[in-house]
Amino acid sequence: MSYIVVAPLSRIAEMAVRHKAREMVSLIAEGQDFHRPAVIAAERHLKLKMNDISFAGTGNLIAPQEAHVREIIDFARSWDRTTPLLIHCWMGVSRSPAAALIASLAVSPDEADDILAQRLRAASPYATPNTRLIEIGDDLLGRGGALVRAVKAIGRGADADGNAPFTLALPEQADRVP
């Protein structure tokens, strides 16, 4: 069964083991070093350095870029889906939910954006996907603004403490994820 696990950095080892994940995407700011869980193969760990900001030109912070989103799309498309894909950022609320939406659409391009966004909201009342990642993903995946509109429609998530991992099913698995 394939699905995406979204987690804060503090819970990646636990989530990787619990869900038997073998592949991981990390969206972490420069200097936020951590140990990759041993169950994640080094060659199947995509580490993207970016800050959780929505526009470029903010001092020394690194805004999400088109190259980052291309890497998420390519990595998702190379995911064999025999085990869940773990995606994390610092708190598991903004960058990683955005990357989960992008990854889901990369492997299931026929899914309706509004249904996917509603499934995200049902899975996590806290998720507030990073708008810059969503805008770039919408463009690169040829969604014509549908992903941007769908994420706007679900609104900002509830305040979070960064301790609420969740799973996002792929469309064919939506009724069967634990």
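Five strands make up an open sheet of mixed pairing, ordered β3-β2-β4-β1-β5. Because β3 (45-49) and β5 (166-169) stand at the edges with a single partner strand each, one side of each has no neighbour in the sheet. From one strand to the next the twist averages 20°. Strands (E, at least two residues) and helices (H or I, at least four) are DSSP runs numbered from the N terminus, and two strands pair if DSSP finds at least two bridges between them.

This is a predicted model, in which local features need pLDDT of at least 70 and side-chain atom pairs pLDDT 80 or more, while totals for chains, interfaces and linings use all residues. Residues are numbered from 1 along each chain as its sequence is written, and side-chain values use heavy atoms, without hydrogens and water.

Strand β2 (residues 23-28) runs parallel to β3 and is joined to β3 by five bridges; Met24 has His45 of β3 as its bridge partner.

| Helix | Residues | Angle and reference strand |
|---|---|---|
| α1 | residues 12-19 | about 155° to β1 (3-8) |
| α3 | residues 95-107 | about 150° to β4 |

By class, the lining of the largest pocket has seven nonpolar, three polar and four charged residues. Here Ala, Val, Leu, Ile, Met, Phe, Trp, Tyr, Cys and Pro count as nonpolar, Asp, Glu, Lys and Arg as charged, and the others, Gly among them, as polar. For the second largest pocket, the lining divides into four nonpolar, three polar and three charged residues, and α5 (131-140) and α6 (146-154) each supply at least two of its residues.

Key. Axes are lines fitted to C-alpha atoms, for helices over the stretch in contact, and angles run from 0 to 180 degrees between N-to-C directions. Contact means heavy atoms within 4.5 Å.
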